[in-house]
Amino acid sequence: MNKYKCVIFDCDGVLIDSEPIAIGVLVEMANYLGANIELDASMVSLKGKSFKYCTNYISQRIEKPLPIHFEQDYRINTFEAFRKNIQPIKGIKAVLENINVPFCVASSGPENKIRLNLELTRLLPFFEGHIFSCYAIQKWKPDPDVFLWAAETMGFKPKDCLVVEDSLSGVRAAKAGGFDVYGYTEHDYGNALSKEATKTFNSMDNLLKML
């Protein structure tokens, strides 16, 4: 890896296979309230979006505010589902074991969720001390600030860093911050990344070769 001095990984859908679980729980809770949302469509429309975006979307569908404890219940339900079903993205451990430059994770999720899922998938030791959550700065993708914060803290400029993302919001955030971004397309339900990412790849084996 000559061009890049640091790699910034998204978490959900890049390190851990969490998005079908999280969006599945969200859709189930939304439909209980009468939102009438289809899971397949939600995998395209809600993937990579902030939780606030998702709750606003559901609120518009049901034409009233969500229950006051909706987020708390969502976190409880998803954490339970993660503990039962979460898996690492296939091949990601080999990538992390073979990268020869510093790397970190920058995610839209809260840090306790990031840490839980990395611990459950035995990836946490790779990222201890290098976890950056949008909740810490109250800025969410496609705003680039979480990537800019991660790069600065790691000691690098955006031009020296590669971002690895699987969502359109994340790709756009990276580009807005001046980063190159590789789009992971194995679960690119909307087939949208190829037009906007610097490069795309469909397996972690391919990413390792690209690095």
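This is a predicted model: local features need pLDDT of at least 70, side-chain atom pairs count only at pLDDT 80 or more; totals for chains, interfaces and linings use all residues.
Ala, Val, Leu, Ile, Met, Phe, Trp, Tyr, Cys and Pro count as nonpolar, Asp, Glu, Lys and Arg as charged, and the others, Gly among them, as polar.

Residues are numbered from 1 along each chain as its sequence is written, and side-chain values use heavy atoms, with hydrogens and water left out.

Pockets next. On a 1 Å grid over the protein atoms alone, a pocket is an open set of points with protein on both sides within 12 Å along at least five of seven lines, whereas a cavity is a set where a 1.4 Å probe fits but cannot get out; lining residues have an atom within 4 Å of a point. A volume is the space filled by probe spheres set on the points, which are joined across faces, edges and corners.

The second largest pocket has about 150 Å³. Its lining is K49, S50, F51, K52, Y53, Y135, W140, K141, P142 and S169. By class, that lining has five nonpolar, two polar and three charged residues. Helix 3 contributes the most, three residues; helices here are DSSP runs of H or I, at least four residues, numbered from the N terminus.

Now the cavities. There are two of 30 Å³ or more. Of its 25 lining residues, D12, G48, K49, S108 and K113 are the closest to the centre. Helix 1 supplies the largest share of this lining, four residues. By class, the lining has nine nonpolar, seven polar and nine charged residues.

Last, helix packing. Axes are lines fitted to C-alpha atoms over the stretch in contact, and angles run from 0 to 180 degrees between N-to-C directions. Helix 4 and helix 6 (residues 111-120) pack at about 15 degrees, axes 10 Å apart. That makes helix 4 roughly parallel to helix 6, since angles under 35 degrees count as roughly parallel, over 145 as roughly antiparallel, 65 to 115 as roughly perpendicular and the rest as oblique. In contact (heavy atoms within 4.5 Å), R75, F79, F82 and R83 of helix 4 meet N112, K113, L116, N117 and L120 of helix 6.

Helix 1 (residues 19-32) and helix 4 (residues 70-85) pack at about 140 degrees, axes 9 Å apart. That makes helix 1 oblique to helix 4. The residues of their contact divide into nine nonpolar, three polar and one charged.

Methods:
Helices (H or I, at least four residues) and strands (E, at least two) are DSSP runs, numbered from the N terminus.
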